[in-house]
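Dear colleague,

Please find below the structure that I am handing over to you. My notes on what was found in it follow directly after.

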Amino acid sequence: MLILAEKPSVAKSFADALGAKRNPLGFYETENIAITNCVGHLYELAKPEEYDAAYKFFSFSNLPIIPEKWLYSKNPKAAAQANLVTRLLKKHSGDTVLIATDADREGEVIARIAVRQAGIRDTSNFTRFWVSEALTKETVVNGIKSARRWSEYDDLAKRGFARQKADWLVGMNLSPFVTLSSGNGETFPVGRVQTAVLAAVAQRNNEVAGFKPAPYGECAALVEDGDGNALEMLLVNPETKKTSFPKDDEYIQDAISFSQKDKAITVEAEVERKSLRPPHLLGITELQQKAASLHDFSSSRTLEAAQKLYEERKCLSYPRTPSTVMGDDDVGLFKEKFELLKGTSEISKYSDVSLIDGGNKFIFNSKKLDSHHALIPLDFLPNGASDDERKIYEIVLKSFFMACMPPCIYDEKKLTMRNGGYAYKATVNSVVEAGWKAAEKEDDGDDIKRFCEKRCALKDVKAVEKMTQPKKEFTESALLAFMKNPKAQESDEKLVGLGTSATRASIIQKLQEHAYLVKDKKKFYATRKGRFLLRQLFKNDMTKRIAGIGQTTEWERKLEEAPDEFEAEIKDYIKKCVAVKADFEKYEPPSVGKCPLCGKDVVERRAFFGCAGYCGTPKCGFAIWKAICGARISPADAATLLSGKTTAPKKMKGKAGKEFSAGLKMNAETGKIDFVFEKPNRTAGKKRKFN
């Protein structure tokens, strides 16, 4: 039997469970079993020029590009592994083959492409391992026994391939279409999901910038009980049953006048005991939101740290998980890690070990499991971990201990005060049992939680003038939350999520790399280039659909329900888009600074930031390339270099493949860029140069 996993760690788990030894060729084996793995996608959809050399250069006459037969090429970073997997698949094609890639749509596509590229067409002897729990020996053995025929997952594969092809069709057709239309060689990438996210950010920017505050009024009554506890209660609008009024509303003035004459009040209380569970365990999106809120980490920065904790430090479970629960069979694993790590954090004393039980569906629920179980710590944090890794580990560790804490029990007391015919209301929450809130250090202190409505007096009533507030700009955390649970632009209707837990970080990162989005003081703003792209797309009813949240999520829904129809619709949409003769305008890129050689403006181009005289006569060849030793150079970085300052340290890779970190600074006389190292090392006291 051959077992094909998706990643090396999963292959190792199978090997440990089945007693397989590592073969020098790079796979595991027993007498009867071989175990190998992909490394994510071994193959990628071929580029347009691999279908026809004429497609290497953008041209309106080449559009639309819609392959009749889809081609794949090896991922250059995984070519050796692709060759190994192909050899093993061919060797064992007559045996039982167990597909054990991730239990989701993407995992299905990865395996099917690998099998097809190996030239195997008869898969009647292929079975599917479909388990999302942690791969203990028992789970692996049971999963193999319960494996089903691979053909039962054909519909899932159809959805996966349809999504892959649709993203290719949009990118490879609309990107050159808009780029050619912009008229100056600047590249304008378009994506089925990323462009809709850009449009959502730009719309929020417009809403905030165009917002005009409107005045409204409230009427606040100050009430004290016999122990001196003060409480503010708000006048109820008898027409709307809310506490807001038009500015200078006569009803407020009447209420104030009455209270000045008669301070007699009656207060009624409606008490409901409630229970608040601790936060769920974390999936990758929730971890990214936490890290953004606590440490201002970008989504990609969080993912990078979590990935290192998983792959190199071996102290964190698989990070790219959408799940916030464990599987039903993961109770033993959870208990084991709890006992191992409980001494590492003070908050573990608030945990209740009895809640680590299979009957606790808040933590252990295979029905809500998706691909992988939630993020949990697996071991102690090694001493060599970076500060980023430590912060991410601590977030996961805290979540792990809090998930098995008892709920916070509190009384919600809804108070209604009457002063004559005028009603005022307030809500007071008083904690009965702190539960997990004790770990958050939230006590009874400042929240008027001891107010006694049975003996209280009206002290004052006053009008309060307020102004309506705009929506807030998207932060990293808010944008992730929006992508996970978007709402229609015209209403508050919830729509299908944008992207997946594993792709949202890369979508946000790409929007910044394409210079469509910029982050300023934790808030995202659409750039001049991003707005130009949207302006071009919105010039006609067909192309603007790609920027609509509603359209994108409708496609996601159709993808799930009818993948063949979805793919056909995307092809038809692309044909109609590139047939449009829109009134496009020429893009004039903004200057990022002055050329140090000739003094002209430096503007962003497709692969570099170049002097405006780069193609002129006489020609000025000054350029700052967008990629330097593997590090991405943003417009902000280019501006920093041109101003004579040093960029923030960047992670780079030398010619020999060795990674290093350094800032970048431009030599004003030559235009060359130097590495600037933070700490003394072998290159301390001198600068390395490159052209």
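Helices α6 and α17 are roughly parallel to each other, since angles under 35 degrees count as such. In this predicted model, the angle between α6 (residues 154-182) and α17 (residues 563-578) is about 5°, and their axes lie 9 Å apart. Two packed helices are described in general by these two values, the angle between the axes and the distance between them. On the α6 side, the residues that take part in the contact include K158, R159, A162, L169 and F177. On the α17 side, they include P563, F566, I570, Y573 and V578.

An open sheet is formed by 7 strands in the order β2-β3-β4-β1-β7-β8-β9, and its pairing is mixed. At its edges stand β2 (21-22) and β9 (148-149), each of which pairs on one side only. Within this sheet, β7 pairs with β8 (residues 126-128) in the parallel sense over 3 bridges. There, L98 stands opposite T127 in β8. Helix α3 packs on the sheet and touches β1, β4 and β7, while its direction makes about 145° with that of β4.

Helix α3 itself covers residues 79-91, a total of 13 residues. From its first C-alpha to its last it reaches 18 Å, close to the 18 Å expected at 1.5 Å a residue. Which residues of α3 are buried? They are Q81, A82, L84, V85, T86, L88 and L89. These buried residues pack against the strands β1 (2-5), β4 (34-37), β5 (43-45), β6 (72-74) and β7 (97-100), and also against helix α4 (105-117).

The pairing of β19 with β20 (residues 601-604) is antiparallel and runs over 3 bridges. In this pair, K594 stands opposite D601 in β20.

Salt bridges

How many salt bridges does a search of the whole structure find? The search finds 44.

In one, E560 is joined to R105, with the closest N and O atoms 2.7 Å apart. Because E560 lies in helix α16 (residues 549-561) and R105 in helix α4, this pair ties together parts that are 455 residues apart in sequence.

In another, the side chains of D227 and R455 meet, with 3.2 Å from N to O. D227 lies in the loop between β10 (215-225) and β11 (230-235), and R455 lies in the loop between β15 (422-433) and β16 (456-467), so the pair ties together parts that are 228 residues apart in sequence. D227 counts as exposed at 53% relative accessibility, and R455 counts as partly exposed at 43%.

D387 is partly exposed, with a relative accessible area of 39%. Elsewhere, salt bridges that share partners join E108, R112, R128 and D154 into one network.

Residue Y410

Finally, Y410 is found in strand β14 (residues 408-419). Its relative accessibility is 17%; Y410 therefore counts as buried, the limit being under 20%. Leaving aside residues up to four places away in sequence, Y410 touches E272, R273, K274, S275 and L276, as well as N429, S430, V431 and V432. The C-alpha atoms of Y410 and G435 are separated by 9.9 Å, and these two residues are 25 residues apart along the chain.

With kind regards

Technical notes: Residues numbered from 1 in each chain as written. Predicted model: local features only at pLDDT ≥ 70, side-chain atom pairs only at ≥ 80, totals over all residues. Heavy atoms only, no water. Helix = DSSP H or I, 4+ residues; strand = E, 2+ residues; numbered from the N terminus. Expected span 1.5 Å × (residues − 1). Buried < 20%, exposed > 50% of the residue type's maximum accessible area, 1.4 Å probe, protein only. Contact = heavy atoms within 4.5 Å. Salt bridge = Lys/Arg side-chain N within 4 Å of Asp/Glu carboxyl O. Pairing = 2+ DSSP bridges. Axes fitted to C-alpha atoms, helices over the stretch in contact; angles between N-to-C directions. Parallel < 35°, antiparallel > 145°, perpendicular 65-115°, else oblique.
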